[in-house]
Amino acid sequence: MKTRKIILFDGICNLCNQSVQFVIEHDNKNQFQFASLQSDFGQNFLKENNLDAAQFDSIVFIEDDKFYTKSSAALKIAKYLDGITSWLTIFMIVPKPLRDVVYSFIAKNRYRWFGKQESCWLPSPELKAKFLD
(Lines give C-alpha, C1' and ligand atoms only; values in the text may rest on other atoms or scores of the structure.)
Protein backbone atom coordinates (compact mmCIF):
# COMPACT_ATOMS: atom_id res chain seq x y z
CA MET A 1 0.00 0.00 0.00
CA LYS A 2 1.33 3.43 -0.95
CA THR A 3 1.82 5.79 1.98
CA ARG A 4 -0.04 9.06 1.61
CA LYS A 5 2.31 12.07 1.86
CA ILE A 6 0.81 15.56 1.82
CA ILE A 7 2.62 18.88 2.14
CA LEU A 8 0.69 21.93 3.34
CA PHE A 9 2.40 25.24 2.60
CA ASP A 10 1.81 28.99 2.70
CA GLY A 11 0.38 29.63 -0.76
CA ILE A 12 1.38 33.30 -0.97
CA CYS A 13 4.97 32.87 0.27
CA ASN A 14 7.57 32.96 -2.50
CA LEU A 15 10.01 30.83 -0.49
CA CYS A 16 7.30 28.26 0.20
CA ASN A 17 6.23 28.14 -3.45
CA GLN A 18 9.85 27.72 -4.56
CA SER A 19 10.25 24.94 -2.00
CA VAL A 20 7.18 23.13 -3.36
CA GLN A 21 8.54 23.42 -6.89
CA PHE A 22 11.89 22.04 -5.64
CA VAL A 23 10.10 19.07 -4.06
CA ILE A 24 8.16 18.41 -7.28
CA GLU A 25 11.40 18.44 -9.29
CA HIS A 26 13.11 16.01 -6.89
CA ASP A 27 10.14 13.70 -6.29
CA ASN A 28 10.95 11.16 -8.99
CA LYS A 29 8.74 8.56 -7.30
CA ASN A 30 5.70 10.88 -7.46
CA GLN A 31 5.00 10.45 -3.73
CA PHE A 32 3.74 13.87 -2.67
CA GLN A 33 0.47 15.75 -2.89
CA PHE A 34 0.19 19.43 -1.99
CA ALA A 35 -2.31 21.94 -0.66
CA SER A 36 -1.91 25.50 0.51
CA LEU A 37 -2.64 26.21 4.14
CA GLN A 38 -5.17 28.75 2.87
CA SER A 39 -7.12 26.13 0.86
CA ASP A 40 -10.26 24.42 2.15
CA PHE A 41 -8.24 21.23 2.66
CA GLY A 42 -5.52 23.10 4.56
CA GLN A 43 -7.95 25.06 6.71
CA ASN A 44 -9.96 21.94 7.57
CA PHE A 45 -6.79 20.06 8.50
CA LEU A 46 -5.59 22.88 10.75
CA LYS A 47 -8.94 23.14 12.53
CA GLU A 48 -9.34 19.36 12.93
CA ASN A 49 -5.91 19.18 14.54
CA ASN A 50 -6.34 22.22 16.79
CA LEU A 51 -3.73 24.25 14.92
CA ASP A 52 -4.11 27.99 14.38
CA ALA A 53 -5.96 28.34 11.07
CA ALA A 54 -4.74 31.94 10.68
CA GLN A 55 -1.02 31.18 11.15
CA PHE A 56 0.90 30.10 8.08
CA ASP A 57 4.42 30.19 9.49
CA SER A 58 5.04 26.44 9.30
CA ILE A 59 5.02 23.88 6.59
CA VAL A 60 3.00 20.81 7.59
CA PHE A 61 3.89 17.32 6.42
CA ILE A 62 1.20 14.68 6.72
CA GLU A 63 2.22 11.05 6.44
CA ASP A 64 -0.66 8.65 6.90
CA ASP A 65 -2.17 9.47 10.31
CA LYS A 66 0.76 11.54 11.62
CA PHE A 67 1.73 15.12 10.93
CA TYR A 68 4.90 17.12 11.45
CA THR A 69 5.53 20.87 11.54
CA LYS A 70 8.46 23.26 11.21
CA SER A 71 11.92 21.69 10.99
CA SER A 72 10.65 18.15 11.51
CA ALA A 73 8.33 18.51 8.53
CA ALA A 74 11.10 19.88 6.30
CA LEU A 75 13.54 17.12 7.28
CA LYS A 76 10.94 14.35 6.91
CA ILE A 77 10.15 15.62 3.42
CA ALA A 78 13.87 15.72 2.54
CA LYS A 79 14.14 12.04 3.47
CA TYR A 80 11.94 11.10 0.49
CA LEU A 81 13.61 13.31 -2.12
CA ASP A 82 16.09 12.09 -4.69
CA GLY A 83 19.69 13.21 -4.67
CA ILE A 84 21.79 14.80 -2.00
CA THR A 85 18.79 16.50 -0.38
CA SER A 86 17.97 13.28 1.48
CA TRP A 87 21.21 13.71 3.44
CA LEU A 88 19.68 16.70 5.24
CA THR A 89 17.98 14.22 7.55
CA ILE A 90 21.25 14.07 9.48
CA PHE A 91 20.05 17.29 11.15
CA MET A 92 17.41 15.22 12.96
CA ILE A 93 20.13 14.59 15.56
CA VAL A 94 19.94 18.28 16.48
CA PRO A 95 17.35 18.74 19.24
CA LYS A 96 13.97 19.85 17.84
CA PRO A 97 13.78 23.05 19.95
CA LEU A 98 17.10 24.22 18.49
CA ARG A 99 16.13 23.27 14.92
CA ASP A 100 12.80 25.04 15.34
CA VAL A 101 14.46 28.27 16.53
CA VAL A 102 16.32 28.43 13.21
CA TYR A 103 13.18 27.43 11.27
CA SER A 104 11.08 30.07 13.05
CA PHE A 105 13.66 32.79 12.40
CA ILE A 106 13.53 32.07 8.66
CA ALA A 107 9.73 31.78 8.71
CA LYS A 108 9.38 35.10 10.52
CA ASN A 109 11.46 36.88 7.87
CA ARG A 110 10.39 34.96 4.75
CA TYR A 111 8.12 37.68 3.31
CA ARG A 112 10.75 40.37 3.84
CA TRP A 113 13.58 38.28 2.38
CA PHE A 114 11.76 36.42 -0.41
CA GLY A 115 8.55 38.41 -0.94
CA LYS A 116 5.00 37.22 -1.29
CA GLN A 117 2.32 37.00 -3.92
CA GLU A 118 -1.09 38.65 -3.88
CA SER A 119 -2.79 35.28 -4.24
CA CYS A 120 -1.92 31.62 -3.95
CA TRP A 121 0.28 30.08 -6.62
CA LEU A 122 -1.67 27.97 -9.10
CA PRO A 123 -0.10 24.80 -10.50
CA SER A 124 0.13 24.20 -14.23
CA PRO A 125 -2.44 21.84 -15.75
CA GLU A 126 0.22 19.07 -15.78
CA LEU A 127 0.74 19.42 -12.01
CA LYS A 128 -2.91 20.00 -11.05
CA ALA A 129 -3.42 16.33 -10.07
CA LYS A 130 -0.79 16.68 -7.33
CA PHE A 131 -2.78 19.42 -5.58
CA LEU A 132 -5.71 19.02 -3.21
CA ASP A 133 -8.45 21.63 -2.97
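Helix α3 (70-79) is mostly covered, with seven of its 10 residues buried; buried here means under 20% relative accessible area, exposed means over 50%, and partly exposed lies in between, using a 1.4 Å probe and protein chains only. The buried residues of α3 are Ser71, Ser72, Ala73, Leu75, Lys76, Ile77 and Ala78. Their cover includes β1, α1, β2, β3, β4 and α4. Helices (H or I, at least four residues) and strands (E, at least two) are DSSP runs, numbered from the N terminus.

Before we go further, a word on what you are looking at. This is a predicted model, in which local features need pLDDT of at least 70 and side-chain atom pairs count only at pLDDT 80 or more, while totals for chains, interfaces and linings use all residues. Residues are numbered from 1 along each chain as its sequence is written, and side-chain values use heavy atoms, with hydrogens and water left out.

β1 and β2 pair in the parallel sense over five bridges. Within β2, Gln33 stands opposite Ile6, and Phe32 stands opposite Lys5. β2 is also mostly covered, as four of its five residues are buried.

Contact means heavy atoms within 4.5 Å.

What holds the interior together in terms of side chains? A nonpolar core is a set of buried Ala, Val, Leu, Ile, Met, Phe, Trp, Tyr and Cys residues joined through side-chain atoms within 4.5 Å. The largest such core has 17 residues, of which Ile7, Val23, Phe32, Phe34, Phe61 and Ile77 touch the most other members. β1 (5-9), α1, β2 (32-36) and α3 each supply at least two residues of this core, and α1 gives the most, with four. Not counting residues up to four places away in sequence, Ile77 touches Ile7, Val23, Phe32, Ile59 and Phe61. Apart from this core lies another, of 11 residues, among them Leu8, Ala35, Phe56 and Ile62.

Finally, turn to α4, which meets two other helices. The axes of α3 and α4 come within 7 Å and cross at roughly 95°. The two helices are therefore roughly perpendicular to each other, a label for angles of 65 to 115 degrees, whereas under 35 counts as roughly parallel, over 145 as roughly antiparallel and the rest as oblique. Here Lys70, Ser71, Ser72 and Leu75 in α3 meet Lys96, Arg99, Asp100, Tyr103 and Ser104 in α4. These contact residues divide into two nonpolar, three polar and four charged; Ala, Val, Leu, Ile, Met, Phe, Trp, Tyr, Cys and Pro count as nonpolar, Asp, Glu, Lys and Arg as charged, and the others, Gly among them, as polar.

The axes of helix α1 (residues 14-25) and helix α4 (residues 96-114) come within 8 Å and cross at roughly 95°. Asn14, Leu15 and Cys16 of α1 make the contact with Ile106, Arg110 and Phe114 of α4, a set of four nonpolar, one polar and one charged residue.

Note on methods. Axes are lines fitted to C-alpha atoms, for helices over the stretch in contact, and angles run from 0 to 180 degrees between N-to-C directions. Two strands pair if DSSP finds at least two bridges between them.
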